[in-house]
Amino acid sequence: MASHLLRQPRWVLVAAAPALLFLSLVVPFSAAKLTTGYYRKSCPRVEQIVSDVVTNKQISSPTTAAGALRLFFHDCFVGGCDASVLISTNAFNRAERDADINLSLPGDAFDAVVRAKTALELQCPGTVSCADILALATRDLVSMLGGPFYAVPLGRKDGLASHAASVEGNLPRPNMTMDAMIALFAAKGFTEQEMVALAGAHTVGFSHCKEFAARIFRYKSMDPRFAQALQKACAKYVEDDTIATFNDVMTPGKFDNMYYLNLKRGLGLLTSDHALVADRRTKPLVDLYAANQSAFFRDFSRAMLKLGLLGVKTGRQGEVRRRCHDFNNLFA
């Protein structure tokens with residue numbers, strides 16, 4: 001694994017009991033072949049195996065859950081949920097994971113998927129796709145941190161292409177304007193409400209100082225004490241680009257609605273975070289989720305289900321990789 005994927009901040013997250021949320025989903029035509037019972041006969045213990053592996057991984061490496069959330073989003077928003085972000089660069093191709101914006105994706109998230117794949121290959125060889133493993137692992141890890149538990153339709157195939165050049169313009173940047181954010185999500189078929197709900201993933205995890213350093217010295221929209229604390233924490237970020245701070249400084253290891261409460265208090269870390277509470281189109285949704293965690297969990301679950309169906313490959317559109325970081329055919 002590339003060395004940049006292993007350089008991660010050292011802090012401990014707190015796991016909380018999962019909250020259950022049951023809801024229905026209308027599956028779009030492009031993902032009609034996906035079903036929660038897809039592996040019922042071919043690998044009946046798939047969900048238990050993934051859950052066991054990622055639970056152990058999260059306990060030993062508490063940044064795993066937030067990393068998996070980011071990894072899943074970065075995969076799905078670039079060419080669909082097909083595990084293309086897991087592919088390693090080789091002599092013939094520079095893969096997605098080596099695009100500049102993906103260099104900071106946490107190694108623990110990649111490792112969780114690889115471990116689950118290894119366990120499943122021993123139990124059900126050549127059966128479960130890496131794309132399905134990533135979708136299940138993300139759901140289970142969110143639940144471990146106290147977030148909602150939702151059904152995950154399965155049957156995705158792993159994609160046959162992964163190119164770093166395809167990443168640019170498909171993922172939100174921390175300094176994006178709200179107009180640009182809304183346009184990007186709309187191009188993927190997501191509403192403003194779904195965008196704000198998905199942004200709630202920032203209630204866990206961390207951001208590197210270089211992503212928000214410009215804000216903390218011009219902090220008109222940030223709580224002054226928060227900005228000054230960040231100035232101290234990030235004092236040496238130029239020399240050490242691995243320095244990072246929690247996205248949610250209040251409950252960093254718990255998946256809850258604190259992210260939205262923080263935005264209202266001037267404790268938003270990124271420019272794009274603050275934009276959500278500053279823009280008249282999205283502020284009412286921030287207010288809703290800050291006041292009502294159940295509404296946030298409901299809408300986050302629905303948005304995650306929709307995200308997990310984005311651009312999925314089925315049938316001959318993809319393959320079930322033997323190893324998540326390599327195509328079965330080197331020249332695919």
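This is a predicted model: local features need pLDDT of at least 70, side-chain atom pairs count only at pLDDT 80 or more; totals for chains, interfaces and linings use all residues.

Residues are numbered from 1 along each chain as its sequence is written, and side-chain values use heavy atoms, with hydrogens and water left out.

Q: Why are H5 and H6 called roughly perpendicular to each other?
A: Helix H5 (residues 178-187) and helix H6 (residues 192-199) pack at an angle of about 105 degrees, with their axes 9 Å apart. Angles of 65 to 115 degrees count as roughly perpendicular, under 35 as roughly parallel, over 145 as roughly antiparallel and the rest as oblique. The two helices, H5 and H6, are therefore roughly perpendicular.

Q: Which residues of H5 and H6 meet?
A: Met 178, Met 181, Ile 182 and Phe 185 of H5 meet Glu 192, Met 195 and Leu 198 of H6, where contact means heavy atoms within 4.5 Å. These residues divide into 6 nonpolar, no polar and 1 charged.

Q: What makes Asp 248 count as buried?
A: Buried means under 20% relative accessible area, exposed means over 50%, and partly exposed lies in between (1.4 Å probe, protein chains only). Asp 248 has 0% relative accessibility and therefore counts as buried. Asp 248 is found in the loop between strand E4 (244-246) and helix H9 (258-264).

Q: Is Asp 256 buried or exposed?
A: Asp 256 is buried, because its relative accessible area is 6%. Asp 256 also has its place in the loop between E4 and H9.

Q: Where does UniProt place the feature "binding site"?
A: The unreviewed UniProt entry places this feature at Thr 203, Asp 248, Thr 251 and Asp 256. Although spread over 54 residues of sequence, these positions cluster in space, with a largest C-alpha distance of 10.0 Å.

Q: What joins the side chains of Asp 256 and Thr 203?
A: A polar contact of 3.0 Å joins them. The term requires a pair of N or O atoms within 3.5 Å; within protein, one must be able to donate a hydrogen and the other to accept it, and residues adjacent in sequence count only if both atoms are side-chain atoms.

Q: Why does Asn 93 count as buried?
A: Asn 93 has 18% relative accessibility and so counts as buried. The side chain of Asn 93 makes a polar contact of 2.7 Å with the side chain of His 163.

Terms used: Axes are lines fitted to C-alpha atoms, for helices over the stretch in contact, and angles run from 0 to 180 degrees between N-to-C directions. Helices (H or I, at least four residues) and strands (E, at least two) are DSSP runs, numbered from the N terminus. Ala, Val, Leu, Ile, Met, Phe, Trp, Tyr, Cys and Pro count as nonpolar, Asp, Glu, Lys and Arg as charged, and the others, Gly among them, as polar. UniProt positions are given in the numbering used here, feature names are shortened, and annotations may be inferred rather than shown by experiment.
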